[in-house]
Each structure stands twice: as C-alpha cells, then as structure tokens.
Amino acid sequence: MTIAPEKPAQNRLVDHFERGLDAPICLTWELTYACNLACAHCLSSSGRRDPRELTTSQCEAVIDELQRMQVFYVNVGGGEPTIRPDFWHLLDYAVDHQVGVKFSTNGVRLTPDRARRLAATDYVDVQISLDGATAEVNDRVRGAGSYATAVTALENLADAGFGDAKISVVCTRENIDQLDDFAALADRFGATLRLTRLRPSGRGADVWDDLHPLPHQQRRLYDWLCAHGDRVLTGDSFFHLSAFGEALPGLNLCGAGRVVCLIDPVGDVYACPFAIHDQFLAGNLLRDGGFQRVWKGSPLFTSLREPQSAGACSGCQHFDACRGGCMAAKFFTGLPLDGPDPECVQGFGEDALARPRSVPASSVDHSRSTPTRNQPVLLQLRTRPPATACAESPLAGFSPEESA
Amino acid sequence: MIDEPWTLSPSVALRPEPFGALAYHFGSRRLTFLKTPALVRVVRELADHADVRSALTAAGVPAGQHQAYAAALAGLAEADMIRPRVSAAPAKEER
Ligand code: SF4
Ligand code: SF4
C-alpha cells in the first residue's frame, strides 16, 4: 500500500525501487543446503549440508545486523531449514530482535506440538510447499510421501489454531489445471494460497523445458489471477504476464539487488534467491564486513541499481508493465539479460530460445550424489548413467602402483 | 481529524529511505510506503503536538496542502499506522 499526498505519476515507487533501497524489503535467508527431499526443480540445488554453513552464533550476528538495518522480516528457507538443530532457537532469536520470520518448509518437522508452539508465537509465518493439489501430481516432482507430509503439517497447524498459514505452489505444466483445487485446499485449512513462477534456477534448469507452463497455460494462469489475484500472494512472480493486459497485483519489477536479496547458508550474498550463480554473487557477509557493507557497497548491486537497458524489448508497447521479465529466467536459459523473457507472452522468448544459445553451467550445487529413497520420479527420469567411470568416482582409473 | 491529537501506532516502526520512509506494522505485517519526506516528518511530529494541524505546521506543510495531507493521514489511520492519542495533552511540552 502506498500513501502519498502528491501526484503519484511523478513519484512512482517502482522508480525508487529500481534505484535500490537502504535495506532490502524482500530478503531471503537460506539456512542450510541440507534437505530431506530432493525436489526435481529445487531452485537452490539443495540436498547436502555444506560444512561451511553459518554457525548458531554467526546466525545470531546476522539477525543483530538485520535488526540494526531495520529489515522487518525475512523469508527463511533452505534446503529444509527446520532440520537445522538450532532452527527453533534462531526463530525465537529473530522474533525477539524485531525481525519477523516467514519460513518455508516441506512440513517434515511440523508436529502437533511444534504447531501449538508456533501458534503461540507472534511474527511468525509458515509457508508449506506443495506443487500439486493431489499426491499424484505433487509427488512426481517433490518425491513420494511429500504430499502426505505437507497435508499433515497443514492439519497440525489448523488444529493448533495457527491462523493463516501459506500454501506455496510453484506453477507448472502439470498443476496449472489445479488452481481451483489449490484454492479449495487453502480454504479447507484456513490458509492463503501463494503462487510462484517456475524459474530455470538450480535443478529447475534441468526440468524447465518439460515443466514450465505452455503458452495457453500462461494465458489461463493470467485469467485466473485476474479473477482471484486479490486472494492469492504472488510476490514478483508474474509481472511478465501483465503484457497480456492489465497489471496484476504484486511487485511489478525485477527487484534483484535493489529490493530483493539472498543470503545463502554459507553467508554468500546473491542478488536474488533464483540467481545462485557466481555472476550474481555480491560478496560474503563473513569475509566482506557484514551484510550491510555488501548490500550498500558491492559493485554488482551498484551496477544493478543503475538504469538498465531494455535492449530488444525497448520497442515493445508492454515494456512499462512487463519490463522484460525475470533476469534469472533469462540468464539460466542463456538469453540476453536485456531482451525478452523466455516466457514473453508476445512469443519473442520462444523465438529467442529457438536460436543458438549457451546455457550457463551451474556454479553452486549441493544435490546429493546418490539417490534417496523418496527421490521424485521426475528426477529419476532425468538421471542418466554416467558417461565414464570417472564421472562417478574421482578416484576411478587412479592406480597408486603406477604413480609411485 | 485535523483538530484531534494523533500518534504513530506503537506496533509501527519507520525506516528512513531516500524517498521518505517505510512503515512496518508488526501486528498486521503490513508494509506501507511514505512517499515524501514531508509526510514522514508529519508522522513523526504527531505525538509531540496538540493536534494534527499543529504537527503539519511544525513539519513545514503549507496551510493550502493541509487537506491533502489529512487525506493521506486518513489512509494511514485505516491501516492502523497512526492512531488517535487517548490523552489530549501532547506527549512532550511544546516549545
Ligand atoms: S531475477 Fe527474477 S526472481 Fe529474481 S528478483 Fe528478478 S524477477 Fe524476481
Ligand atoms: S517483448 Fe519484452 S517487454 Fe514485451 S512482452 Fe516480451 S518480454 Fe515483455
């Protein structure tokens, strides 16, 4: 909501946002790369814990700094944040320091007892990830049993009287027909639906071609959001769809490094949670003198806050609303950052995807090297046998006798 | 409203920004943008003045703009960013 006595046209908030704020308004903090699941589209390629992950006292220092910067709330995620043994302590520590927490979880640790304790805590929001309104659709992407885990967590929260949990859905080709079912599910648990865009980030890059909504599904999604958008949360997910017509509710610009930011489990600061790649690494809060120093002074963020070229989008009549779409979606599909989004509703993205392009290799990957018991079908389908033995074992072909 | 005593809501924190300030309500978790420095000054002055009008004057808002600012303040009141002050006396003595 915006309050201004003067003419809004001369004083558009998005213009201020594009120049960057003194502190982020949409800060994501991933506490661990460890996860009990192995979702096929995981944006942070999570699985294994990183031995360099911030300790409890380092995390407390980050919270102290966020309090000083008046970052009023932080979106905590992972990996699966609740499997950190100090997770509940850090949650209380943040709340006690005027940093509200919204955490994303697959529900694995949300027992009835924990749900009751959460219901008694102010300033905590819980977001349960669910990528299908049925077990069949969900578990194909998130792994066997993950639907049941999420629904049990939602039941536990509702039974404990926790008001207004969030159900967070990544919109895919396979679940776009279930939007009404998701809304009904949210109603059943007194929850709010949150819809987000599938971006080709992390392991998402491997499945994006198969899972991203088709053009006619994008249209259906847009129409659905026009009809129901005031009841669902979308963040900055769908501003590229506003080129269909009216602007949708939500943040209508790419805020990466300007109002959006990610702190990863080892303290690396990236422009956006969907941009875990060396190219978007602004610094490290341990090595570079704290989060504020990185936020205010990093050369990457400074350059993102300068006017950006519209490139191939500059002639488009929808540019004012669409702004060329999502930087991460372009980067990880190998498209120029100053051109159309791969899902440009004018079809320019498809044309660009059809031309020769090179998709950047991921530079940060914590996926497990061995499959888990509940590995999603979609991931199994993608797992190809290693090309050579050495692709599996770093010691393959090494013989101590020979080199001695 | 303009002749009444008002104050910043106790659950609200203001964060200065180049364009004005962000107001965050810890209860409703709503974020509101105060898009001009003058409006931020007014909101900060409210508690120290007998009524909204004298807060506007103290913040340097010309009388001709008082109604426009009162409308903006009404919007803030609706979101519980500011509240009527129960005691009629200013929180601090006016100098
Ligand atoms: S890169 Fe994409 S996901 Fe990240 S802030 Fe920009 S629009 Fe949002
Ligand atoms: S050409 Fe660019 S600005 Fe126009 S709709 Fe496509 S992505 Fe958006």
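**Where chain B meets chain A**

Start with one pair: the side chains of A:D125 and B:R29 form a salt bridge, 2.8 Å from N to O (a side-chain nitrogen of Lys or Arg within 4 Å of a carboxyl oxygen of Asp or Glu). Across the interface of chain B and chain A, the rule turns up one salt bridge. Keep in mind that this is a predicted model, where local features need pLDDT of at least 70, side-chain atom pairs count only at pLDDT 80 or more, and totals for chains, interfaces and linings use all residues. Residues are numbered from 1 along each chain as its sequence is written, chains are lettered from A in the order in which they are written, and side-chain values use heavy atoms, leaving out hydrogens and water.

Now zoom out. 26 residues of chain B are in contact with 26 residues of chain A, contact being heavy atoms within 4.5 Å. Between them the two chains bury about 2,400 Å², with carbon and sulfur atoms giving 64%; that is the accessible area (1.4 Å probe) lost on putting the two parts together, summed over both. On chain B's side, B:R15, B:F26 and B:K35 supply 32% of the area that chain B buries against chain A, more than any other three residues.

Over in chain A, look at helix α8, residues 204–211 (a DSSP run of H or I, at least four residues). Here A:G204, A:V207, A:W208 and A:L211 are buried, meaning under 20% relative accessible area (1.4 Å probe, protein chains only). Down the axis of α8(A), the buried residues fall within an arc of 135° (taken from the directions from the helix axis to the C-beta atoms), so they line one face of the helix.

Notes
Buried means under 20% relative accessible area, exposed over 50%, partly exposed in between (1.4 Å probe, protein chains only). Helices (H or I, at least four residues) and strands (E, at least two) are DSSP runs, numbered from the N terminus.
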